Amino acid sequence: MSLETLPESWVVWNDEPNGRCILAYRPDVFDTKQFPPECLPTLYVTQGTPNRPAQERRATDSWYLKFYLEPDVTLPKTPRFSTREEALSAAVELAEKFDRGELDYRDSYQIPREEYLDKLDELTGREA
């Protein structure tokens with residue numbers, strides 16, 4: 001699996017050669033007009049844990065995948081991979097699951113944004 005097989009609803013937001021890759025879900029919908037900018041679902045593939053300073057991230061050989069629904073709302077698990085290619089493949093697989101409505105993201109919220117979550121349910125064909 002590679003970024004070429006990414007579902008059409010996802011776009012490559014940033015792809016640094018041999019570095020971090022950010023995938024964004026439906027920036028045409030989550031465009032800061034209908035919803036706040038932090039509501040753009042994103043997948044991050046990074047070397048080292050995603051919330052560490054850049055110089056500390058590169059100190060490890062491990063690659064991580066993190067799914068952000070908002071800056072403080074993530075899917076609970078941060079998988080670790082040996083290579084960037086493995087992490088990118090897992091990101092594409094996760095994007096596909098999300099696109100098909102197979103991820104339960106509502107439980108990740110302590111204070112849900114109902115309008116936002118309803119729109120995600122609509123776009124992914126997920127029943128609330």
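Is Y116 buried or exposed? Y116 is buried, with a relative accessible area of 1%, where buried stands for under 20% relative accessible area, exposed for over 50% and partly exposed for values in between, with a 1.4 Å probe and protein chains only. The model is predicted, so that local features need pLDDT of at least 70 and side-chain atom pairs count only at pLDDT 80 or more, while totals for chains, interfaces and linings use all residues. Residues are numbered from 1 along each chain as its sequence is written, and side-chain values use heavy atoms, with hydrogens and water left out.

**View 1. Overview of the protein.** The secondary structure comes to three helices and six strands, which follow the order β-β-β-α-β-β-β-α-α from the N terminus on; helices (H or I, at least four residues) and strands (E, at least two) are DSSP runs, numbered from the N terminus. Of the 128 residues in the protein, 45% are buried. Among contacts with a separation of 6 or more, 47% are between residues 24 or more positions apart, a contact being heavy atoms within 4.5 Å. The accessible surface comes to about 7,300 Å², with 45% of it belonging to carbon and sulfur atoms, as computed by the Shrake-Rupley method with a 1.4 Å probe.

**View 2. The largest nonpolar core.** This core has 35 residues, and W10, F67, L69, F98, Y116 and L120 are those with the most contacts inside it; a nonpolar core is a set of buried Ala, Val, Leu, Ile, Met, Phe, Trp, Tyr and Cys residues joined through side-chain atoms within 4.5 Å. At least two core residues come from each of β2 (21–25), β3 (42–47), β4 (63–70), α2 (84–99) and α3 (114–124), and α2 gives the most, with eight residues.

**View 3. Strand β4 and its partners.** Strand β4 runs antiparallel to β3, to which six bridges join it, and L43 stands opposite F67 in β4; two strands pair if DSSP finds at least two bridges between them. Two bridges also join β4 to the antiparallel strand β6 (residues 80–81), where R80 is the bridge partner of Y64. Strand β5 (residues 73–74) pairs with β4 in the antiparallel sense over two bridges, a hairpin of two residues joins β4 to β5, and E70 stands opposite V73 in β5. Leaving aside neighbours within four places in sequence, the contacts of F67 include W10, P41, L43, V73, L94 and F98.

View 4. A search of the whole structure finds twelve aromatic pairs, for which rings of Phe, Tyr and Trp (its six-membered ring) must have centres within 6.5 Å, with planes under 30 degrees apart counted as stacked, over 60 as edge-to-face and the rest as tilted. F30 and Y116 form an edge-to-face pair, 5.5 Å centre to centre with 80° between the planes. Because F30 lies in the loop between β2 and β3 and Y116 in helix α3, this pair ties together parts that are 86 residues apart in sequence. F30 is buried, with a relative accessible area of 3%. F98 and Y105 form a tilted pair, 5.6 Å centre to centre with 50° between the planes, and both residues are buried. The charged end of R126 sits over the ring of Y105, 5.0 Å from its centre, the criterion being NZ of Lys or CZ of Arg within 6 Å of the ring centre and within 35 degrees of the ring normal.
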